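Biologist: I would like to learn how to read a structure like this one. Can we take it feature by feature?

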Amino acid sequence: MIDKNRKPSYLWTVLTNRCPRCREGKIYVTENAYDFKNNMKMHDKCPVCGQPTEIEVGFYYGTSYVSYAVTVAYSVATFIAWWVLLGFSLYNNSIFYWLIFNGVTLLALQPIFMRLSRSLWLSWFVKYDRDWEEKKAKDYERIVKEHMNNW
Ligand SMILES: [Zn+2]
């Protein structure tokens, strides 16, 4: 059984793409970010607590901004890491090597970043509920069934 006093951390919840309400259920149908047919398919409701994953029409449009922020944060991080570990110089091509490295890894990590963006986005609108086992998940009226998972 789930220990009531154990509150999974926010960071772990977001990084493992879990439902922000119970912090247990997975929001995506597949675990594999590189399963390109299914990687963005989400459960309509959290399989553990029933929290809807889409709380209004076009809910995930806002994730493009999150995705942008994640991309910028990643690029800043690789830039600093490169600077510290390898260094930049005006007298060689180090800046271009970093640009290539950053571009290639960004592209490769895109599926993970896209999933992470949705996970973050949902976590800002749905709060952790300690009593999720007793209380029913809130119903959202502003959803149109036909438009779910339809991007
Ligand atoms: Zn849940």
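**Reading the features**

Modeller: Start with burial. A residue is buried under 20% relative accessible area, exposed over 50%, and partly exposed in between, with a 1.4 Å probe and protein chains only. C22 has 1% relative accessibility, so C22 counts as buried.

Biologist: What kind of model is this, and how are residues numbered?

Modeller: This is a predicted model: local features need pLDDT of at least 70, side-chain atom pairs count only at pLDDT 80 or more, and totals for chains, interfaces and linings use all residues. Residues are numbered from 1 along each chain as its sequence is written, and side-chain values use heavy atoms, with hydrogens and water left out.

Biologist: How do I read a metal site? Which residues coordinate the zinc ion?

Modeller: Look for donors first. They are N, O and S atoms within 2.8 Å of the metal (3.2 Å for Na, K and Ca); water is not among the atoms, so sites may look incomplete. Here the SG atoms of C19, C22, C46 and C49 coordinate the zinc ion, at 2.2 to 2.3 Å.

Biologist: What is the geometry of the zinc site?

Modeller: Check the angles. Four donors count as tetrahedral if all angles lie between 85 and 135 degrees. Four count as square planar and six as octahedral if opposite donors are over 155 degrees apart and all others between 65 and 115; anything else is irregular. The 4 donor atoms of the zinc ion make angles of 107 to 112 degrees, and the site is tetrahedral.

Biologist: How are the donor residues spaced in sequence?

Modeller: The pattern is C-x2-C-x23-C-x2-C. C22 and C49 both lie in the loop between α1 (10–15) and α2 (63–85), so the pair ties together parts that are 27 residues apart in sequence. Those labels come from DSSP runs: helices are H or I with at least four residues, strands are E with at least two, and numbering starts from the N terminus. C49 is buried too, with a relative accessible area of 12%.

Biologist: Next, salt bridges. How many are there?

Modeller: The rule is a side-chain nitrogen of Lys or Arg within 4 Å of a carboxyl oxygen of Asp or Glu. The structure holds 3. In one of them, R21 meets D129 at 3.5 Å, N to O. That pair links distant parts of the chain, 108 residues apart: R21 is in the loop between α1 and α2, and D129 is in the segment after α3 (94–125). Both R21 and D129 are buried.

Biologist: Which residue forms a salt bridge with K135?

Modeller: D129 does, with the closest N and O atoms 3.8 Å apart. D129 has a relative accessible area of 15%. K135 is partly exposed, at 47%. Shared partners join R21, D129 and K135 into one network.

Biologist: Is E31 buried or exposed?

Modeller: E31 is exposed, with a relative accessible area of 60%. E31 forms a salt bridge with K26, the closest N and O atoms being 2.3 Å apart. K26 is partly exposed, at 25%.

Biologist: How do I read contacts? What does T53 touch?

Modeller: Contact means heavy atoms within 4.5 Å. T53 is in the loop between α1 and α2. T53 is buried, at 3% relative accessibility. Leaving aside neighbours within four places in sequence, T53 contacts several residues, including I27, M42, H43, C46, F59 and L122.

Biologist: And how many aromatic pairs are there?

Modeller: Rings of Phe, Tyr and Trp (its six-membered ring) pair if their centres lie within 6.5 Å; planes under 30 degrees apart count as stacked, over 60 as edge-to-face and the rest as tilted. The structure holds 12 such pairs. F59 and W121 have ring centres 6.2 Å apart and planes at 50 degrees, so the pair is tilted. F59 lies in the loop between α1 and α2 and W121 in helix α3, so the pair ties together parts 62 residues apart in sequence. F59 is buried, at 5%, and W121 is buried, at 17%.

Biologist: Which residues do ring pairs link into a cluster?

Modeller: F59, Y60, W121, W124 and F125.

Biologist: Last, which charge lies over Y60?

Modeller: The test is NZ of Lys or CZ of Arg within 6 Å of the ring centre and within 35 degrees of the ring normal. R118 lies over the face of Y60, at 4.8 Å from the ring centre. The charged end of R115 sits over the ring of Y28, 4.3 Å from its centre.
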